[in-house]
Amino acid sequence: MADLSLELCGVKLKNPIIAASGTFGFGREYDELYDIGQLGGISVKGLSLKPRTGNPPSRIAETPSGMLNSVGLQNPGVDSFVENDLPWLLGKNVAVIANITGTSIDEYVQMAERLAPTGVHMLEMNISCPNVHEGGVAFGVKPESVYQITKAVKAAARQPLIVKLTPNVSDITENALAAQEAGADAISMINTLTGIAVDVRRRKMILANNTGGLSGPAVRPVALRMVWQSAQKVHIPIIGMGGIETGEDAAAFMLCGAKAVMVGTANFTDPFACPRIIRELDAYCDRQNVRSAQELVGTLEENG
Ligand code: SIN
């Protein structure tokens with residue numbers, strides 16, 4: 001058995017497999033199926049200052065090798081999370097990452113302040129949601145605004161700050177660098193790629209919001225490329241995600257430079273995906289004669 005453990009921004013993780021925000025709720029439903037304490041971490045559904053009902057239906061569409069979502073950051077609000085879900089989650093012996101959203105820089109700062117005295121282990125600042133009309137990806141497209149919001153939230157945060165980047169830009173490495181320069185402790189990538197789904201019979205858009213975010217295996221090659229490119233530019237840890245379905249997919253992200261990975265859409269097709277991927281990564285390390293999974297990070301051999 002390989003050593004899968006790691007330290008991420010000063011937080012000890014049992015393994016590099018983290019459940020991705022928006023695909024795992026606050027962990028309760030999955031904990032009915034298996035002990036979620038097996039996971040490296042859980043990034044909870046994006047939280048806002050006030051409860052949000054999200055976008056109207058239809059807000060999910062199946063696509064070749066993936067799915068589109070336009071959930072619109074539905075969540076019960078940060079106070080409900082802190083009172084009702086966090087105490088239970090903290091008893092699970094798993095790193096808890098609070099994914100935070102807002103419609104203004106001030107709201108993101110207030111979220112960091114609200115979570116500062118809690119037992120949350122890390123913050124993941126979502127500046128990459130393509131499904132809301134205010135905030136979300138608006139802060140994550142230009143390097144200047146990535147810098148500005150990261151600087152402000154980092155000053156208010158008491159936990160390590162992960163900045164979640166959008167792939168809907170021409171050069172994601174500029175935003176990775178901007179986050180690092182502003183003091184981010186880590187970056188996570190990629191959030192979803194904006195797409196649409198067309199009902200040709202009714203000649204209508206399928207999603208009520210028109211556009212949605214594409215995730216699943218269809219985006220994996222793009223995500224791998226972006227992680228690999230960013231790893232050449234930044235020295236802070238990268239958490240890779242985008243269509244991971246197997247232990248070898250997780251290893252591919254680590255070879256490209258990711259220290260840890262997030263598993264999202266796979267949870268919908270296989271609710272046991274995360275613990276299975278942990279076992280498969282372990283078996284891959286054994287086959288590769290790797291004693292610690294961290295030895296894989298950034299060791300991809302390039303051609304010419
Ligand atoms: C959503 O709730 O719309 C998805 C979150 C995201 O894409 O960041």
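Is Cys285 buried or exposed, and what is its relative accessible area? I looked up Cys285 and found a relative accessible area of 0%, so Cys285 is buried. I take buried as under 20% relative accessible area, exposed as over 50% and partly exposed as in between, with a 1.4 Å probe and protein chains only.

**Ground rules.** I am working on a predicted model, where local features need pLDDT of at least 70, side-chain atom pairs count only at pLDDT 80 or more, and totals for chains, interfaces and linings use all residues. Residues are numbered from 1 along each chain as its sequence is written, and side-chain values use heavy atoms, with hydrogens and water left out.

**Cysteines.** I searched the whole structure for disulfides (pairs of cysteine sulfur atoms within 2.5 Å) and got zero. The sulfur of Cys256 has its closest cysteine sulfur in Cys285, 15 Å away, which is too far for a bond. Cys256 is also buried, at 9% relative accessible area.

**Helix H5.** I numbered helices (DSSP runs of H or I, at least four residues) and strands (runs of E, at least two) from the N terminus. H5 covers residues 172-181, and seven of its ten residues are buried, so the rest of the structure largely encloses H5. The buried ones are Ile172, Thr173, Asn175, Ala176, Ala178, Ala179 and Gln180. I then asked what they pack against, taking contact as heavy atoms within 4.5 Å. The partners are helices H4 (143-156) and H6 (220-233) and strands E9 (161-164) and E10 (186-189). Just after H5, I noted a positive phi of about 105° at Gly183.

**Pockets.** I used a 1 Å grid over the protein atoms alone; a pocket is an open set of points where a 1.4 Å probe fits, with protein on both sides within 12 Å along at least five of seven lines, and lining residues have an atom within 4 Å of a point. Grid points are joined across faces, edges and corners, and volume is the space filled by probe spheres set on them.

The largest pocket holds about 550 Å³. Its lining has 37 residues, with Ser21, Thr23, Asn69, Asn191 and Thr192 closest to the centre. Strands E6 (66-69), E14 (211-215) and E16 (260-263) and helix H8 (266-269) each give two or more residues to this lining.

The second largest pocket holds about 230 Å³. I counted 15 lining residues there, with Phe24, Gly25, Phe26, Glu29 and Lys45 nearest the centre. Helix H1 (residues 28-31) gives the largest share of that lining, three residues.
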